[in-house]
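Here is a short briefing on one protein chain. Please read it alongside the sequence and the coordinates.

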Amino acid sequence: DVVQNAPCAEFADVEALEMFAAEVDVITYEFENVPASAALVLAARKPVLPEHKILETTQDRLAEKDFVTKLGIGTAAYADVTSPQMLHEAVARIGLPAVLKTRRFGYDGKGQIMLRPGDDLDAAWHRLETRAAILEAFVPFEREVSVIAARSADGQVVCYDLTENEHRDHILKTSHVPANVPESVATEARRIATSIATALGYVGVLGVEMFVVPENGQPKVLVNEIAPRVHNSGHWTLDGASVSQFEQHIRAIAGWPLAQPLRHGDVTMTNLIGDDVHDYISWLTKPGATVHLYGKRLAMPGRKMGHVTVVSQPKKS
Ligand code: AMP
């Protein structure tokens, strides 16, 4: 058995949290919007890794961008926005196009509005239905990439190879490894992820999403978002690497040595989103493919229903 006991309760149910903590040695999560209050109850009883205070930084887009900026790492230009007037001021400073995002609880493009020249800013502000937002300059990126990194309690950081990601309707559709970038960009992306993991005092696996932007012929790497958990763009490691991001995470929080994962070839991971899942049969016979279905009943639009990894031998140049 992998799971012997799977209690299910509300985050606000302190008694259930206490019972849960009493039965385990270490606590972790695969979802970053765990309320800080629930994480605090657990942390008083057992180690919670990554530490709950890291959630406070990564749950809030403004705190996260301030944190990254203080490390000297680039992001899109951004501004704190808490009123229509501040939105007008932010647009005057940052310019358009830009993306207005809620500070908290946004994912897969939810809680985001793209603003273009001529758009009604007051209407956009009211449509977002929040009092705490940030405005980000739209980044004319060449590619989106991510680093899946693991940090152990003694400070060692191990990164997987840089992954290149394509989104459809703001949702990750495919990841390719290795990313099609010069080695200098991959090295810089790993340096950025390592410095973020170290500065957070992180223990476990994290994903750092980045933009690669062309700049005077020399591509530049900007951080988009930090995911304090195993990440969808690292699902390829299940079939494409000697140790997956999931095992690596458990090793890190259990205090075991981190693996030095080897990649089995060029890898493409394709998410089966909504109705895509009905076509899973056609993937079964594709050379090098492994199909993962999550067993969710309803194939709602935008819902991640499974994914397929295809491993192939690197093309000879
Ligand atoms: P996020 O939820 O912030 O990760 O945004 C989801 C996706 O929207 C990103 O992966 C990008 O494809 C796109 N996006 C978000 N913010 C920006 C931005 N400032 N400039 C360009 N594209 C963006």
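This is a predicted model: local features need pLDDT of at least 70, side-chain atom pairs count only at pLDDT 80 or more; totals for chains, interfaces and linings use all residues.

Residues are numbered from 1 along each chain as its sequence is written, and side-chain values use heavy atoms, with hydrogens and water left out.

**Nonpolar cores**

- The largest nonpolar core has 27 residues. A core here is a set of buried Ala, Val, Leu, Ile, Met, Phe, Trp, Tyr and Cys residues joined through side-chain atoms within 4.5 Å. Buried means under 20% relative accessible area, exposed over 50%, and partly exposed in between (1.4 Å probe, protein chains only).
- V147, L162, I196, L206, M210 and V223 touch the most other members of this core.
- Two or more residues each come from α4 (61–70), β5 (143–151), α7 (183–200), β9 (204–213) and β10 (220–227). Helices (H or I, at least four residues) and strands (E, at least two) are DSSP runs, numbered from the N terminus.
- Helix α7 gives the largest share, 8 residues.
- M210 has contacts (heavy atoms within 4.5 Å) that include V147, A189, I192, V221 and V223, leaving aside residues up to four places away in sequence.
- Another core, of 17 residues, lies apart from the largest one; A79, L100, W125 and A133 are among its members.

**Strand pairing**

- Strands β11 (residues 266–273) and β13 (residues 304–312) run antiparallel, joined by 8 bridges. Two strands pair if DSSP finds at least two bridges between them.
- β12 (residues 289–293) also pairs with β13 in the antiparallel sense, over 5 bridges.
- H307 of β13 is the bridge partner of N271. H307 is also the bridge partner of H292.

**Surface patch**

- Y280, I281, L284 and L293 form a nonpolar surface patch, with about 360 Å² of accessible area together. Patch residues have over 30% relative accessible area and no salt bridge; nonpolar side chains (Val, Leu, Ile, Met, Phe, Trp, Tyr) are joined within 5 Å, like charges within 9 Å. A salt bridge is a side-chain nitrogen of Lys or Arg within 4 Å of a carboxyl oxygen of Asp or Glu. Areas come from the Shrake-Rupley method with a 1.4 Å probe; for residues, only the protein chains shown count as cover.
- Helix α10 (residues 280–284) supplies the largest share of the patch, 3 residues.
- I281 lies in α10 and counts as exposed because its relative accessibility is 52%.

**Loop residue D279**

- D279 sits in the loop between β11 and α10.
- Its relative accessibility is 44%, so D279 counts as partly exposed.
- The C-alpha atoms of D279 and A199 are separated by 43 Å, with the two residues 80 apart along the chain.
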